[in-house]
Amino acid sequence: MDHCWLTLPEQGPLDGLDASATPGFEGDKSDAKAATRAMREQLADLQHRLFAEGRQSLLIVLQAMDTGGKDGLIRRVFTGVNPNGVDVARFGRPSAEELSHDYLWRVHRHAPARGMITIFNRSHYEDVLVVRVNELVAEPVWSQRFDHIRAFERLLADEGCRILKFCLHIDRDEQRERLQARLDDPDKRWKFDQHDIEQRRHWDDYMLAYAEAIRRTDTPWAPWFVIPANRKWFRDYAVMRILVGTLREMDPQYPPADGFDPSDIHFD
Ligand code: ADP
């Protein structure tokens, strides 16, 4: 597969990477949209097979700064798949009950069943991002979590779950424009959250926290892909490509007829 993602260097914050890049893609917006549309059918077919086979599962982790485009990506990439085989789990501010358990407690129960694709809209990574940046727990507590997360994802992978983790990377200027658009457009205003403005002030801390989280949890069994996401059409194309490529590798098969010969079956 051509690389349609960015590679994080060994040091430095996430925003050392160009969020407007289109790595591995030569065409323009309409080419990308056409390519994404064409892959949608392949995705639908592969997802149908995965569901019918019922042996493997796929977990897609989506992380981004506010306005990074997680919701739009889910809408545009997953249009046309069978909703029976896809779950979306959103992870917002933890409830009192969730906070009274370990941070993976609320996450594990949403891991995909065999045959399913599950999308995490935010995830356990919030517990080393927002939690770290806002000092919601002390450093000795969050810094151990990279080890837990690697082990947790290893457990899922060993049990038949393929994992893809996407960081949708926008830059600070793009976020300003998108926040402003939410204020200006009455149809988008419901998405505006004062809390996002507060978090924006911590931009540099987030960029460091993201970079460390990605470096420390990028593993062969649960790889990270940093997707330049200023251009929505490239973001959708890149994620679709990685997704379809991965499902092809997983090669799900329709199961054979179980214990009967279809030609022996007669009914009126
Ligand atoms: P989104 O911004 O993804 O559309 P929401 O508006 O519901 O969704 O925001 C979810 C908020 O919950 C985000 O600000 C996120 O940082 C926060 N959040 C998620 N997980 C945690 C966590 N473990 N601890 C504290 N805050 C969290």
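The ligand sits in the largest pocket of this predicted model. As for the ground rules, residues are numbered from 1 along each chain as its sequence is written. Because the model is predicted, local features need pLDDT of at least 70 and side-chain atom pairs count only at pLDDT 80 or more, while totals for chains, interfaces and linings use all residues, and side-chain values use heavy atoms, with hydrogens and water left out.

Around the ligand there are 15 residues, each with a heavy atom within 4 Å of it. The closest are Lys 70, Arg 90, Arg 122, Glu 126 and Asp 127. Sorted by type, the shell holds eight charged residues (Asp, Glu, Lys and Arg), five nonpolar ones (Ala, Val, Leu, Ile, Met, Phe, Trp, Tyr, Cys and Pro) and two polar ones (the others, Gly among them).

Some polar contacts (pairs of N or O atoms within 3.5 Å) can be picked out. A polar side-chain atom of Glu 126 is 2.9 Å from a ligand oxygen, and a side-chain N or O atom of His 195 lies 3.3 Å from an oxygen of the ligand. On its own the ligand has 570 Å² of accessible area (Shrake-Rupley method, 1.4 Å probe), and the protein covers 79% of that.

Zooming out, the C-alpha trace spans about 70 × 45 × 40 Å along its principal axes.

Definitions and conventions: A polar contact is a pair of N or O atoms within 3.5 Å; within protein, one must be able to donate a hydrogen and the other to accept it, and residues adjacent in sequence count only if both atoms are side-chain atoms. On a 1 Å grid over the protein atoms alone, a cavity is a set of points where a 1.4 Å probe fits but cannot get out, and a pocket is an open set with protein on both sides within 12 Å along at least five of seven lines; lining residues have an atom within 4 Å of a point. A molecule sits in a cavity or pocket if more than half of its atoms lie within 2 Å of its grid points.
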